[in-house]
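Please look through the structure shown here before reading on. The briefing gives the overall build and then one detail.

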Amino acid sequence: MTAPALSIRGVTKTFVLHVQGGARLPVLHGVNLDVGAGECVVLADPSGSGKSTLLRSVYGNYKPQSGEILVGHAGGVVEMVSASPRAILEVRRRTLGYVSQFLRVIPRVPVVDVVAEPLRAQGLDREEARDRARAMLGRLRMPERLWGLSPVTFSGGEQQRVSVARVFVARYPVLLLDEPTASLDADARTLVLDLVEEARAQGTAVLATVHDPVGRARIATRTVSLEDMAA
Amino acid sequence: MSGPLVTEDRPLLMVRGLTKRYGAQVGCLDVGFDLWPGEVLGLVGESGSGKTTVLACLAGSVEPTAGTAEFWTREGSRVDVLRLAEPARRRLLRSDWGVVHQNPRDGLRMSVSAGANVGERLMAVGVRHYGRIRQAALDWLATVEIDADRVDDLPATFSGGMQQRLQIARNLVTRPRLILMDEPTGGLDVSVQARLLDLLRGLVAELGLAAIVVTHDLAVVRLLAHRLLVMRRGEVVESGLTDQVLDDPHHAYTQLLVSSVLHP
């Protein structure tokens, strides 16, 4: 049997708030979870139960106290909890895509370049990267008059489409999706769910949180609860 | 000291035990890090944390008390930049390194034209052909988005943002591999900052530059730096991937820094 694309082993994360009297917030307690290629695992827990914390830990954005997060990368495996910043950035460049609930961009950079950026980082030349970015924006029905504008002043739904576009355009083998449809209207939601479903069918491993039960039913091949995963 | 040619699989700069004492006062204490080609390292902390001292030691404007800073030159030799003889240091600073000062007046010659500011650094590394120098100056002014018809104007006639972009062009014309930047967006209006950040980020990525950016502005490092060192009272208290340090700070001081930022 081949190793899963993503394997989470005994991950524990507690936030210690030094500024607030050293308060301790235990969030993840020995989480174990494997996600294989072509699988879409949806975390079904109420808000505040640590779903985003787990996704961020996989992406290297949060640093757990203990446990291992193994990501299949470039023919090998990288353990994200102990990986160097350089190694994490390399895994992000080639392997891990993360749709967060926030879009952080440099003001003034137009949408088409925001979306093309991951492709540029993967070595595509500017025009090819822009062509693919435009195709993805078109697919998400982002109005063309917005492509040349900075997304900073966009509505929540428009920003979320940019955020989705810049991740799906790069065809990462492992996707982390944190409420990718939360701010979208019904039509846009369907377009995004189609993208997720298509990527999964092509062998992408997906770990997601989706609040909306219809969307969840549409993309999940397996639904799990953080509570049940604890060791 | 000599070695093989520079390749991607080793750091460009290795700093170890960098210490500067002013009598009983500590400027910086036992600072160490590796910097890789194409990597931007942010040094953050409040005034007096020692971040500018680190930069000044590397740039040679302050003499460190202890430590080493080994750099692979483009000729493929390894030198400790903290112990370079003055002529060799000057040669390094005007070719393989660039220094972008917070105040562009400290990095520009205000008495000569914009074009001459850029061309001068090329002449300093031995380029003599006037037409080629002028063309390079025009190309670099275009890269930093300064109109060609301003090439003969004095920098004093430029806005602060334009002066800062000119300073960057002056540094980059010799194709350095390492840039030291002290609060590069510090004195600028917010709208001008964004433009400069976008420019810097593009240049770093396209030229494969390594850079050390000193700033107290956490929003600037988030967008510019791959990795952070957080300094307090001369010491590095936390380091790591930029977004990890900012979003999940572990040290009490980093948590205080991050939680003190106002979000508009």
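The points below cover chain A as a whole and then a strand pair in chain B.

This is a predicted model, in which local features need pLDDT of at least 70 and side-chain atom pairs count only at pLDDT 80 or more, while totals for chains, interfaces and linings use all residues. Residues are numbered from 1 along each chain as its sequence is written, chains are lettered from A in the order in which they are written, and side-chain values use heavy atoms, without hydrogens and water.

**Chain A: build**
- Chain A contains eight helices and nine strands (DSSP runs: H or I of at least four residues for helices, E of at least two for strands).
- The radius of gyration of chain A, taken over C-alpha atoms, is 18 Å; this agrees with a compact globule, because 231 residues would give a value near 17 Å (the rule is 2.2 Å times the number of residues to the power 0.38).
- Along the principal axes, the C-alpha atoms of chain A fill a box of roughly 50 × 40 × 40 Å.

**Chain A: burial**
- Of the 231 residues in chain A, 52% are buried (under 20% relative accessible area, with a 1.4 Å probe and protein chains only).

**Chain B: a hairpin**
- Strand 1 (residues 13-22) and strand 2 (residues 25-35) of chain B run antiparallel and are joined by seven bridges; two strands pair if DSSP finds at least two bridges between them.
- These strands of chain B form a hairpin with two residues between them.
- In the turn, B:Gly23 has a positive phi of about 65°.
- B:Arg21 stands opposite B:Val26 in strand 2 of chain B.

How values were computed. Buried means under 20% relative accessible area, exposed over 50%, partly exposed in between (1.4 Å probe, protein chains only).
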